[in-house]
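Subject: Structure handover

Dear colleague,

I am passing on the structure we spoke of, with its sequence, so that you can look through it yourself. My notes on what was found come after it.

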Amino acid sequence: MILRQTSCIPGTTCSVFPLEKRKVVKKVISGSIAYFFLVVFFGAFALSLKFFIKDDAAFRAMSGVFFFAAIFAAIMIAYVIIREVCYFRDYFYDLKTDEVVIRKGFISRVELSLAYNKIQNVYVDQDVFDRSLGLYDVHLETAGLFSGIHAHIDGVNAENAAKLRDTLMARTKQSSGQPRAGV
């Protein structure tokens with residue numbers, strides 16, 4: 001299976017500045033880490049019953065719990081992988097003439113259209129996992145709370161992040177010089 005953004009049609013911004021496939025790896029790792037620790041916890045607890053407390057009945061019971069925790073974790077990690085691959089494939093963004101359009105989501109889909117004259121700030125950031133994988137997120141801020149949660153372009157490389165930020169800032173400055181509707 002080739003991992004690609006199937007929603008990005010040629011000529012759109014996301015086809016020119018595509019998301020990095022490493023973003024899927026980052027999301028799978030960060031989404032699976034809790035399940036990994038769940039299995040490690042139950043495994044360590046079961047082993048401590050066997051070797052330190054020397055209670056075979058409790059060890060057998062905890063081994064069963066460990067087995068079910070491992071199965072649960074495997075199912076949840078498989079779900080995380082499927083979710084992140086689908087999220088990546090369906091992710092779309094485009095810088096149109098007068099607005100930015102972002103569509104994303106797996107089960108619950110979000111489509112966001114932000115007029116350039118409503119954008120107050122554009123910035124690029126990285127979290128710990130992004131930094132280790134060389135990924136950047138481009139954030140768009142507006143006066144509403146909704147933009148802080150959804151108005152960002154996930155997982156582009158440094159060069160594309162800088163180009164997107166500069167393009168967005170230029171269009172935002174250009175649109176702010178024009179009279180706004182209703183003013």
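The notes below take the cysteines and then one arginine.

Please keep in mind that this is a predicted model. The structure holds 1 disulfide, and the two residues that form it are C8 and C14, whose sulfur atoms lie 1.9 Å apart. The angle about the S-S bond of this link is -130°, and the link of C8 and C14 is left-handed. C8 counts as buried because its relative accessibility is 13%, which is under the cut-off of 20%; C14 counts as buried as well, with a relative accessibility of 1%.

C86, by contrast, is in no disulfide, and the nearest cysteine sulfur to its own, that of C8, is 15 Å away. With a relative accessible area of 25%, C86 is partly exposed, because that class lies between the 20% under which a residue is buried and the 50% over which it is exposed.

The other residue I would point you to is R171, which lies in helix α6, a helix that covers residues 158-176. R171 counts as partly exposed, at 27% relative accessibility. If its neighbours within four places in sequence are left aside, R171 is in contact with L95, K96 and Y116. As for T13, it is 158 residues from R171 in sequence, while the C-alpha atoms of R171 and T13 are 14 Å apart in space.

Terms used: Residues are numbered from 1 along each chain as its sequence is written. This is a predicted model: local features need pLDDT of at least 70, side-chain atom pairs count only at pLDDT 80 or more; totals for chains, interfaces and linings use all residues. Side-chain values use heavy atoms; hydrogens and water are left out. A disulfide is a pair of cysteine sulfur atoms within 2.5 Å. Buried means under 20% relative accessible area, exposed over 50%, partly exposed in between (1.4 Å probe, protein chains only). Helices (H or I, at least four residues) and strands (E, at least two) are DSSP runs, numbered from the N terminus. Contact means heavy atoms within 4.5 Å.
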